[in-house]
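Hi everyone, thanks for coming along. I'd like to walk you through a few local features, so please have the viewer open.

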Amino acid sequence: MTKEIEDDGNSEFLLSIVQERIQEASSDGLETEDALAKGKEDDKIKKDKEKSKKAEAPPSPSATVQEEAMAGAYARSPGFPSVRLDRAATATLSAPEDGQNDEEAQFEEVSEYSSNKSEILAVAAEVVPPEEKEVELKRRITQEIHASAPLAEVVSPSEELQSVAAEAPNKSGGEWRAWVIPLAVGLVLIVVVVAVSAGLASRNTDSSQSDNNQIKTTTANSGGGSTRFTLIGEIKQRNSLRCGVSVFNLTAGQHQGLEYDLCRAVAASILDDSDNKIEPILVKPSTRFDFLHSKLVDLLAEPTTQTMERDVTERHTNGSFTFSAPYLYTGLGFAGYPEFVECAENLDSTNGLCANLTVCVTAQTTTADKLENLFPNPVRIIHANNTATYTYSFLEFDACNVVAADSSNLLEQVYRESGYTGKWKKGLKLFSKDPLTLVTRAADVEFASHVQTVVNILYSAEAQGLTQANIADHADTLVAEYGDFGSLVYRIISKTGNIGEMYERDNTAERLGLNRLHMPENHTTGLIYSHPFGKLGIQGDILLGGTLDAVIQRGHLRCGVSQEGSPLELARERFGIEYCRALAAALFGYSSTDEYVLLEQVADPLESLAVGDVDALAAQPINLQTSWKRFTFSPPYFYSTDSDAFALVTRHRDPQWSKLVYWVVMATFFAEEQEISQTRYMDMPEVLLFGVPLRAMFQSCIQQVGHYGEIYQRTMESTQPRSGRNQLNLDGGPQQFGFPFA
């Protein structure tokens, strides 16, 4: 249970209020008895007027609820106006006067601050010792911020656009249709003409040229639905990579750190002289997806957690995004004043000093979502709609005493450099799973696949001992064995080194626990680990013309299998077939006869998948050369004793279908972690991300095949008893893994 406060991230405004009031209260020659007396008299007259107005009008229900919620927490500072913290303007939030609409009432002139010096002075005069005046005033200003912040309204860019669209019919009395509809029809005709022209042009292009430089016609299967350059082609033509980074990648005005190194690796894989071809664009959590969705950046390297919701239908943009392999595993942690960090880690917001616990969190983050239901009792939460370091100002002025963020961002050095001077302690406990990844637009299928491959190459290079220092010695061998893929490996590692070298350069990234590389010869812990789902109630739709749509229209799933080989190979095949059954159940519901899955025996599995003879392949070994530009692998669900990892495979040009396959596999991991067995399938969450018809997809999946452990027991236990990497990773063992190149 939480009491949430939103702020729009305008740190200059917040600090200006504090500084202005302190300066005004301490200005020489102003604190006269006459001025104070006049101020109190003006204040009394104003309050009497407000009381008479309130007596005439019925109380606002929201105001009543708000007053009840605030009771006993913080007293409103006497004489201070109610403040709206808004990016558009500073405003008071009083009840509308006669003849004044709500909008006018909310956005009154901010000159009230400059006209209320007497009120400020009256408050300042109450503090008898002059040397304590500034401290006391800070405290009262903080109370005012607390009292007014619940009234704040933060409108994201996407919401602003939606509100404008929603108001259009009302403002013009329906006349908007007279010009909007013809304009829309005209735009559609233009798009059709351009699409046909570009499609004809692409047919005339030399087919031997690289896919990355072609003008392509994308279909619903590729998640695009428009004719355009591929993003890799655009980046080459532009000769720069636009990388969305955070304030954490800025030190003394220089871009650096793990995330920025990842931008360098992606740039090196595409552009020559890549260090001079990166356009770092500073983004904040509240707008990062808007920047990516609007194509202001090519990819996000701002620390971003992968969730199913963001993967399929991100709530603020309604866009679909693709997430790379995680480069850092972290989780929700607390930092700030030591005594209150202890309260937060004990989830105590009621006993003794802990009753004053106030937590600052960056808005529109998975941390903010998880914080909503973390504490068993009400706790005061302030949402800062800006970068995480902005919260230093709240700590500095005692508006909150603890910051919640992903643990990797709770860096004392960064907060000190931002201006925080108070006590500091970083807690050790983590309260969530937060796998941080690079993020791309799902519609940019080639680029998304390319970025995924780049991140995996960094892990595989470390596993194989390829470093920035020795990669030149292996260049000829890489090219001879892997061709263009070998050249790609060389370009990346020669520029940035492997992932281990990136961690070494970034002294703020701790390579502990999950963030270690899992080496079969050194580690016996598991690699079965689910990623967070996010908010599954966001309603999405099935894309027309895609594989998901085709499978549902057909009425059954076509799953490619080989069904021949050694007993171990046959057992692996049975394991994969169980996941085909799980997929079919997710789409069509539980079936005792498996009527919804057709097993297709294929001689050349990858070719059969490429030409569309099957919808997915079971039990295929993962290698990076195969996945590059062609196929998408699900999370590995089986690891052999010879270091191979096996997964389901789909065509990379159909991101929505690949995402559904990915999360069905993840659901079996999650079910075992939560001890949700086949008989308890109804404990799985409902999912609206693919539309209402598939809302029971997770429940039907577990009802059909059970959780991961149950599947393993039925198919593999007698051939390869469960151990090592095929166990759940519940104890923070190494989770990073390097796949074979080929």
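**Loops, disulfides and a helix pair**

Let's start at Leu347, which sits in the loop between helix H14 (338-345) and strand S12 (358-362). The helices (H or I, at least four residues) and strands (E, at least two) I name are DSSP runs, numbered from the N terminus. Before going on, a word on the source: this is a predicted model, where local features need pLDDT of at least 70 and side-chain atom pairs count only at pLDDT 80 or more, while totals for chains, interfaces and linings use all residues. Residues are numbered from 1 along each chain as its sequence is written, and side-chain values use heavy atoms, with hydrogens and water left out.

Back to Leu347: its phi is near 55°, a positive value in a residue other than glycine. Most residues other than glycine have a negative phi. Leu347 is partly exposed, with a relative accessible area of 22%. On that scale, buried means under 20% relative accessible area, exposed over 50%, and partly exposed in between, with a 1.4 Å probe and protein chains only.

Asn318 also deserves a look, with a positive phi near 60°. You'll find Asn318 in the loop between helix H13 (308-312) and strand S9 (321-323). Is Asn318 buried or exposed? With a relative accessible area of 52%, Asn318 is exposed.

Now to the cysteines. How many disulfides does a search of the whole structure find? There are four, a disulfide being a pair of cysteine sulfur atoms within 2.5 Å. Counting bonded cysteines along the chain, the pattern is 1-2, 3-4, 5-6, 7-8.

Cys343 is joined to Cys354, S to S 2.0 Å. The torsion about that S-S bond is about -75°, so the Cys343 and Cys354 disulfide is left-handed. This pair links distant parts of the chain, 11 residues apart: Cys343 is in helix H14 and Cys354 is in the loop between H14 and S12. Cys343 is buried at 4% relative accessible area, and Cys354 counts as buried at 10%.

Next come Cys360 and Cys400, with sulfur atoms 2.1 Å apart. Their link is left-handed, with -115° about the S-S bond. Cys360 belongs to strand S12, and Cys400, 40 residues apart from it, to the loop between helix H16 (391-396) and strand S14 (402-406). Cys360 is buried at 0%, as is Cys400 at 2%.

Cys559 is in strand S18 (residues 557-561) and Cys580 in helix H23, 21 residues apart. Cys559 counts as buried at 0% relative accessibility, and so does Cys580 at 0%.

That brings us to helix H23 (residues 567-588), which packs with helix H27 (residues 697-705) at about 140°, axes 7 Å apart. Axes are lines fitted to C-alpha atoms, for helices over the stretch in contact, and angles run from 0 to 180 degrees between N-to-C directions. H23 and H27 are therefore oblique to each other; angles under 35 degrees count as roughly parallel, over 145 as roughly antiparallel, 65 to 115 as roughly perpendicular and the rest as oblique. Contact residues include Glu578 and Arg581 of H23, and Ser700 and Cys701 of H27, where contact means heavy atoms within 4.5 Å. Cys701 counts as buried at 0% relative accessibility.
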